[in-house]
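Here is a short note for a colleague who is new to this structure. Please keep the model open while reading the points.

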Amino acid sequence: MALFNLRLAPVKDMLIAKHNLGVDVHVLLDAKQQALAENTMGAELTSAGVPVTNITNSSADSASMHNR
């Protein structure tokens with residue numbers, strides 16, 4: 001799943017539940033968004049064992065991850 005950021009607890013909880021059931025879950029998030037204090041769910045997924053990759057788009061200072 002590729003997301004700009006993740007702030008919906010039900011989505012985070014569902015991803016963790018699916019991971020715990022053995023579903024292959026991997027989340028891609030924008031690295032710049034994950035650096036913001038309010039975006040904690042990527043770290044929460046990692047703590048729960050869900051693989052999370054923070055993507056950096058270095059094509060411009062204001063660039064964001066655009067994987068979909």
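**Note on the salt bridges**

1. Asp13 has a relative accessible area of 42%, so it is partly exposed. Here buried means under 20% relative accessible area, exposed over 50%, and partly exposed in between (1.4 Å probe, protein chains only). Asp13 forms a salt bridge with Lys12, and the closest N and O atoms are 3.5 Å apart. A salt bridge is a side-chain nitrogen of Lys or Arg within 4 Å of a carboxyl oxygen of Asp or Glu.

2. The model is predicted: local features need pLDDT of at least 70, side-chain atom pairs count only at pLDDT 80 or more, and totals for chains, interfaces and linings use all residues. Residues are numbered from 1 along each chain as its sequence is written, and side-chain values use heavy atoms, with hydrogens and water left out.

3. Confidence comes next. pLDDT is the predictor's confidence in each residue, from 0 to 100. The protein chain has a mean pLDDT of 86, and 84% of its residues reach 70 or more. Among its elements, α1 has the highest mean (97) and β1 the lowest (82). Helices (H or I, at least four residues) and strands (E, at least two) are DSSP runs, numbered from the N terminus.

4. Lys12 sits in helix α1. Its relative accessibility is 12%, so Lys12 counts as buried. Lys12 and Glu44 also meet through their side chains in a salt bridge (2.8 Å, N to O). Lys12 lies in helix α1 and Glu44 in helix α3, so this pair ties together parts that are 32 residues apart in sequence. Glu44 is partly exposed, at 32% relative accessible area.

5. What does Lys12 touch, not counting residues up to four places away in sequence? The residues are Leu6, Met41, Glu44 and Leu45. Contact means heavy atoms within 4.5 Å.

6. The structure holds three salt bridges. One of them joins Arg7 and Glu38, with the closest N and O atoms 3.6 Å apart. Arg7 lies in the loop between β1 and α1 and Glu38 in the loop between α2 (31-34) and α3 (41-47), so the pair ties together parts that are 31 residues apart in sequence. Arg7 is partly exposed at 46% relative accessibility. Glu38 is partly exposed too, with a relative accessible area of 48%.

7. Leaving aside neighbours within four places in sequence, Arg7 is in contact with Gln33, Glu38, Asn39 and Met41. The C-alpha atoms of Arg7 and Met41 are separated by 6.5 Å.
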